[in-house]
Structures are given as structure tokens and as C-alpha cells.
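This report walks through one structure, from overall dimensions down to single residues. Please keep the sequence and the 3D view open while reading.

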Amino acid sequence: MNVWLIMVACGLVTFALRLSFIAAEGRVTFPRWFRLILPFVPVATLTALVAPELLLSQGALWLSWRNPRLVAGVIAVLIAAITRSVLWTLVGGFAVLALWSLMLG
Amino acid sequence: MSLSALQEFLAGARALVPLLVGVAPFGMIYGVLALANGLTPAAVLAMSTILFAGSAQLLFCQLVGAGAPAAVVVAEVGLLNLRHALYSAALAPRLTHLPRRWKLLLAYLLTDEVFAAISQQEAKSESSPHRHWFYLGAGLALWGGWQLSTAAGVLLSARLPTSWPLDFALPLTFIAIVVPLIRDGAMLLAALVAGTVAVLVAGLPFKLGLLVAALAGMAAGWLVAGRAR
């Protein structure tokens, strides 16, 4: 399907979520399970994206210190935990990826 | 606009500016990666207005670049942006007196950064009859910063060597977003389950494995958190 149509659909869904309770003016409240599950959504969604990028190579599991993306990803997790900075995580992650590829390449 | 409305507007913009330090590189990365995933420059720039949600825009690029079907893309983006409904609920009581056009405008601008700026302001100062101008100032400052940094990414992209593994910026950016969110065991469990399931079911067609893995991670965190509280 056309990329533009998908984009507009995503935009409408996002706007609807942002408008939802503002439009409802506090007449609606969250069920308890929804309030409990919501904080886990970003963590679960984004980790589900990241893990295959680090651990899979052409569809096969590559669990080894020789896997440059896995090593760079693990170091990036440590950098993110310490600095909490997108910029430093990117710089460190790319530096390790380059170094590892160079050493093992 | 009265003087105090103008003051609120400027205070809102000022409150948001420090957050642009984190937003600007993110917007540039999005611009570069969106082009690398085959989007046209027009689509890249338009998405920053149509979606106006950084991590969802990156997710969109990755899914579309991988050839995921429309329904999966919309479902994933909706899932990722569910948190905005939480912001909407928190802000709703403060906006009930406003006309509809204000509600529509402020809802459109309601992002992570704007919500953070608003929460800080509400915590430190008394309510004002012109507080909605503060929200607007913060929202427009972020909107402008996001559009500019996206455009910078599009311009920069042409100058980067094609041999660079730029696609790796996506997982790195997501790592930088996720790690600070992991503050307790339940959150760590949600991440571990989501990541493990994602690897196990990566072979599913249409990138459906992402949806399955995200739901598994959410369920795991919810089960632990629900029992603890």
C-alpha cells in the first residue's frame, strides 16, 4: 500500500490517542489492568525491535563475542545506563562497532 | 493575546529549549535513517508533521523499509504511542474550560517532551488563567525544533558515505531510550521477555514477531507488577 496512506493512518491513530481523554473531559477512567500495563509498552516494544538486530545475522542466532553488533549493543546498554544520553550511546556504540569490525574484519 | 498570556507562552518555550539538546540529534538521525529506508525527502519531512512522534517515526521507517504490511505498521505505531493516552488523561482536567480548537491544537502537540515540561511547571508554580499559553509555547518550541532537526538530517544524509552502517543508529537510539526506563525488576523482566521472544519468533511473516514479542513483554511485566501491588 502507498506509504503516504499508512503514514496518515498512523498520524490519525496517534492524534486520536493524544486527544482521547482531553475530548472525553475526564468522564472516562482507565481500567486498572490498563494503567498497570501502560508503563511497560515502550520498553517491551522497543526491546522487541532491538534484540533481533543484535542477536540475529541473516536470520540465524549469532551468540558470540565475535558478533560486532552484539558487542557494540551490550556496550551501548552500559553507556546508556551511565550517561542516559542518546548522543553518547550513539557515539560509543558506533565506535565499538567500527573497532570490532576492524579488528575481526 | 494579553501580556500575561505572552509571558506564559514565552515561559513555555523557555522550559522546552533545554530538552531540544536531546531532541535535535534524534531528529537528525530520523532524517538520515528515513531516507536510508527508501522514503522520499518529501515523505520524511511530512511525517514529522503528520506523526510528530520521534520513536514512532523511526519504527515506521524500519517497518516500511522491511516491507511490513500496513495493518502491522499501524498496530505497532499505535501500541508504541499508547502512552500518549496517559498524558491525555493527566492533562484533560486542566483543559475542560477551553474552546474546542484549543483542545485539538494542544492534543496534537502532546508529546513526551511537552508533557515533561508541563508536569514540571505544574509542580512548581500555581495555576494561572493563561496556563494554556504555556502549553502552546512548549508545544510549538518542540514542534519547530523537531522540524528543523529533521530537515538537517535530510540535508546531512547526502554527505554521509554510503558504506557506513547507518542502520545501526536505530537500535542504538532505541537502547538509549529504553535503558533509562528500566528502573525495577518488573521493567527488566518485560525487556528480557520481549527481547527473547522477538529473537525466537523473528521468522514469522510480516514482522508479526514484533507484535507478539511486545505483547509478551508487556504481559510479563504486568503479571509481576500486578502481583507486587
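## Overall shape of chain B

A compact globule of 229 residues would have a radius of gyration near 17 Å; chain B has 19 Å, which agrees. The model is a predicted one. Along the principal axes, the C-alpha atoms of chain B fill a box of roughly 60 × 50 × 30 Å. Of the 229 residues in chain B, 47% count as buried.

Chain B has 12 helices and 0 strands. Its pattern along the sequence is therefore α-α-α-α-α-α-α-α-α-α-α-α. Take the contacts in chain B between residues at least 6 apart in sequence: 76% of them join residues at least 24 apart.

## Domains of chain B

The contact between them takes 8 residues from domain 1 of chain B and 6 residues from domain 2 of chain B.

On the domain 1 side of this contact, helix α5 (residues 70–80) of chain B gives the most, with 4 residues. By class, that side of domain 1 has 7 nonpolar, no polar and 1 charged residues.

## A helix and a residue in chain B

Helix α11 of chain B covers residues 185–200. Buried residues in α11(B) are A186(B), M187(B), A190(B), A191(B), V193(B), A194(B), G195(B), V197(B) and A198(B).

S4(B) sits in helix α1 (residues 3–16) of chain B. Is S4(B) buried or exposed? It has 12 other C-beta atoms within 10 Å. A residue is exposed at 12 or fewer, so S4(B) counts as exposed. S4(B) and A24(B) are 20 residues apart in sequence, and their C-alpha atoms are 30 Å apart in space.

## Confidence in chain A

Chain A has a mean pLDDT of 91, and 98% of its residues reach 70 or more. Within chain A, confidence is lowest in α2(A), with a mean of 82. It is highest in α4(A), at 97. Where pLDDT is low, the predicted coordinates should not be read in detail.

## Contact between chains A and B

The contact takes 60 residues from chain A and 73 residues from chain B. On the chain A side, five helices each supply at least two residues: α1 (3–24), α2 (32–37), α3 (40–55), α4 (68–83) and α5 (86–104). Which of them gives the most? That is α1(A), with 19 residues. The side of chain A that touches chain B divides into 44 nonpolar, 11 polar and 5 charged residues.

## A residue in chain A

V96(A) lies in helix α5 of chain A. It has 19 C-beta neighbours inside 10 Å. Burial needs 20 or more, so V96(A) counts as partly exposed.

Setting aside neighbours within four places in sequence, V96(A) is in contact with V71(A), A72(A) and I75(A). A16(A) is 80 residues from V96(A) along the chain, and their C-alpha atoms are separated by 41 Å.

Technical notes:
Residues numbered from 1 in each chain as written. Chains lettered and ligands numbered in written order. Predicted model: local features only at pLDDT ≥ 70, side-chain atom pairs only at ≥ 80, totals over all residues. Contact = placed C-beta atoms within 7 Å. Nonpolar A, V, L, I, M, F, W, Y, C, P; charged D, E, K, R; others polar. pLDDT = per-residue confidence, 0-100. Expected span 1.5 Å × (residues − 1). Rg over C-alpha atoms; globule rule 2.2 N^0.38 Å.
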